[in-house]
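Dear colleague,

I am passing on the structure we spoke about, with my notes on it set out below.

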Amino acid sequence: MAVIPWKPAGDMTHVTKDTVRVDAVPKVTGKAKYAYDVLPKDALIGLFVTSPYPNCKAVAIDTAAAEALPGVKAVWVDEGKVCRMAGEFVAAVAAETRDIARDAARRVRVEWERYPFVVKADDARQTNSAQVHGSTRPNVNRATDDEAGDVEAAFEAAAAVVDGTYSTQVQTHTSLEPHGMTCRWDDTGENLRVWASTQGVFSVRGELAGALEMPESNVVVTTDYMGGGFGSKFGAGVEGIVCARLARDAKRAVKLLLTREQEQTNSGNRPSSVQHIRAAADADGRVTAFDMEAYGTGGYSAGAGFPAPYIYGVLGDPSGIPNRRIVRDDVRVNAGNARAMRAPGHPQASFGMEATMDELAYALGIDPVELRVLNDPNETRQAQYRDAAERVGWSRRSADPGAGAGPVKTGFGIGGATWGGGGGGTRATVEIHSDGSVVVKCGTQDLGTGTRTVVAVVAAEQLGLAVEDITPLIGDTRFPPSGGSGGSTTCAAVAPAIKVTADTALATLLTRVAAALDTDAENLEAVDRSIRRIDDPSASLSWSDACALLGAEPISETEQHDGSLSSSGTAGVCAVELTVDEETGDVRMQKVVSVQEAGLVIDKLTLESQLIGAVIQGISYALHEDRVMDRILGHQVNANMEFYKISGTMDMPEIEPVVWMTEQSLSRGVIGIGEPPVIPVAAAIGNAVRNAIGARVAGLPITPRRVLEALEREGRAQG
Amino acid sequence: MPKHEPTSDIKREGPEDEERAAGSEDGPPSGMSRRSFIQGVGGTAVATAAMSSSTHAEADAAEGAEGVRVASITLNINGEAHAVSRVEPRTTLLDVLRNRLEYTGAKPVCERASCGACSVLFDGKPVYACSILAMDAEGHEIITVEGLLDGDNLHPVQEAFVEEDALMCGFCTPGFVVSVAALVAENDDPTLDEVKKALSGNLCRCGTYTRVFAAAQTAARRVREGA
């Protein structure tokens, strides 16, 4: 049947409204079972042995002493493994308890061959640096070298030129639930059951089946609940494959989740960046040229790319800044590899670009909001800059930074963001049973974003039911396939698939009950838990009476996503107010406004939570987080949660989430927004600090020390 | 939840029992005795050191695994007595709750007393279960997030978390719920600053803090008005 468009937003019962998360109760009562909570009877606990050196080879591995320990049931070794970072997995044990596994891991003897190493990008770029990959690959790889227009001519003709170097740190995902899973083989040894903490049940299944050389159909992966991923949890990983192998060898279930230290070092990060940017503008404030030389590290083999000059026209995009030159290097170091992290590349790009825009605004004497409205080609964002500025109290912003009595200065800053999103590749099944129950199955997974709630809300909307009437079943490879939850594509993939399927199931129901209401299916609609005639609403059947007519033949329909119901490309703006104590360098967030377009909003309540969460992660990135590597030993010194700082309750300002619900945006179809609101937060904070103290803190995180150093450079240090 | 028979008679299985029993008498009122602190922060440090120093590793492993001095203990959890056999001196309360008794609400995250995801009430005070030895928990009243339920009815704090959407992935949520429950039991009209301070020992990565604050104040109001 032809795909029916979404109803107008004004006619919706649940969609666009606030719906309480359908799985909130199990989460607040401790009854929700995460991968880390699944412990089949007689399960063993797995634990890795890791490399103690940042560049080394496990020449020989002796597990005899470990295996001799009572309670040790299986071991795994990767003899000959070359480790390009400290903490690489080279062996593993599975034992009756975690304590015994720990004892056994300590008894694994490894003979190491050690190589020179380098863990900092600035060091790795030097010609005399140790080589991360020996003689096989250089440390530095030119990833981008591109030019559009005539950059030098534009600089010569410019009314203002700014020049700055901005840097961003390595940020680790720090998911609270570590990577890992529980694996159990059946008695035949041919079928594998997996409970994984993952953003992609099907990608985990595929990787496991491939690594274990078995049919995908023999692997079942379940993720009922998972404790955060932020882009780092798509594959089975070494931990998954080793877990399955240990379980097969021991003929017992094995639970293997990374330790906190391993989670911090081995499961991905946002790469660093150092961006030397020159930019030029004409007297009206129109940016005419952008010239960047940049580098960054994504670990020993991952890249460190980001889009530039960000929202003001990236390479290959004819709109935006006309003259652009970008040279960028990936630098390899002996440290953990980058993985996708909430809006990969964008926060780094935003931090350098938005600082550059602000410096141009100061140089030209133009309000930063107006400079952005002038240069940003996106019309939605043009309106959002003004809206966010008004909400944060921009009129109180001093154009004379650092002025005013007392050591505590107030500053305001702003930044914008873009994201693609879109969705597809999702199927769903809707079952309507004769007792009136409705079960919706979809093999997506809920990262905490509210996907399970989205499934129930859309089905309830289309079937004229209440949200609690729907049983949403997700997070299992036995359900119809859906993609991994990444790129902010989940909502835009899942919601349309549920809508199409629910529409089809309803059409079948209407056809089967039409005779009972003396009419055709086309003259029936589902409203308020009833099926009624459109031409005579008084002629109706309750939902349960209608379903009772199905008798022994319940309805089960499976359909798929349709691109007409979703969209991609979204706009957002963040504006902040903060104070800086010029005596201590302490930055206190006061208020953050996050304005975000989201297309057709499915659940406003959980969407706002996404905005709030993104703001908080952005504050954490801007002010607190930093992976610190020890140059001498080559280890991460803060692979834990007391010295790898994430923002806490005392750091919180007032946060105002604003969902951009214009008629035009709502009519665009569903757009996922998990990622974009995190992008401009650090940039807006950097700009607000500049506005407060009149000095630019050009490196993240903006620590008190960096604030004081910036003041000193400007000759404004206190005392 | 499996039912565990209450056991009043504690069967000792190891020679160290007297020492342990003495230790639990002057147990940790704040939930953090010197011994539990050492256990909490020492585990990882020992493991790391042992990796590069094999003699140390040998000695440590021998004492831990082959000395196997275990005891049976009884823990009072959520108002029920639970007998737990073969508990090692190094076994944490969190380990027993999650892996021996199936109370998986408290979560292991940092495993060294910095994140609060394993918070439980210990004689009414919120403590980190990862840093309390199981043996030290004997004789104390332990309430986990599961124990806040009144039959099928949500605790006012749980109810407020649901309404305010004070959670996302939910992994830190049990710890926050427990900390807020402890706060509102003591102060049913907390200011925003008091809420922030009371929850400063709990970390959230999804970024739910401001909604948790709202939930705490909503819950406090309910408790206040209900009283």
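From the N terminus on, the elements of chain B follow the order α-α-α-β-β-α-β-β-β-α-α-α-α, which amounts to eight helices and five strands; helices (H or I, at least four residues) and strands (E, at least two) are DSSP runs, numbered from the N terminus. This is a predicted model, in which local features need pLDDT of at least 70 and side-chain atom pairs count only at pLDDT 80 or more, while totals for chains, interfaces and linings use all residues. Residues are numbered from 1 along each chain as its sequence is written, and chains are lettered from A and ligands numbered from 1 in the order in which they are written.

Of the 227 residues of chain B, 53% count as buried (20 or more other C-beta atoms within 10 Å of the residue's own, with C-beta atoms placed from the backbone). Among the contacts in chain B with a separation of 6 or more, 67% come from residues 24 or more positions apart, a contact being a pair of residues whose C-beta atoms, placed from the backbone, lie within 7 Å.

Chain B is divided into domain 1 (17-147) and domain 2 (149-226), with bounds from an automatic or database domain assignment. In chain B, 15 residues of domain 1 are in contact with 13 residues of domain 2. On the domain 1 side, β3 (119-122) and β4 (125-128) of chain B are the elements that give two or more residues, and β3(B) gives the most, with three residues.

The contact between the chains takes 54 residues from chain B and 53 residues from chain A. On the side of chain B, the elements that each supply at least two residues include α2 (34-52), α3 (54-66) and α8 (209-226).

In chain A, an open sheet of five strands has the order β7-β17-β16-β15-β8, with mixed pairing; two strands pair if DSSP finds at least two bridges between them. Because β7 (140-148) and β8 (160-168) of chain A stand at the edges, each with a single partner strand, one side of each is left without a neighbour in the sheet. Within this chain, β16 (residues 287-297) and β17 (residues 323-331) run parallel and are joined by nine bridges, and the bridge partner of A:T297 in β17(A) is A:V331. Helix α9 (residues 346-364) of chain A packs on the sheet, touching β8, β15 (273-281) and β16 of chain A.

With best regards

Terms used
Contact = placed C-beta atoms within 7 Å. Axes fitted to C-alpha atoms, helices over the stretch in contact; angles between N-to-C directions. Buried ≥ 20, exposed ≤ 12 C-beta atoms within 10 Å, placed from the backbone.
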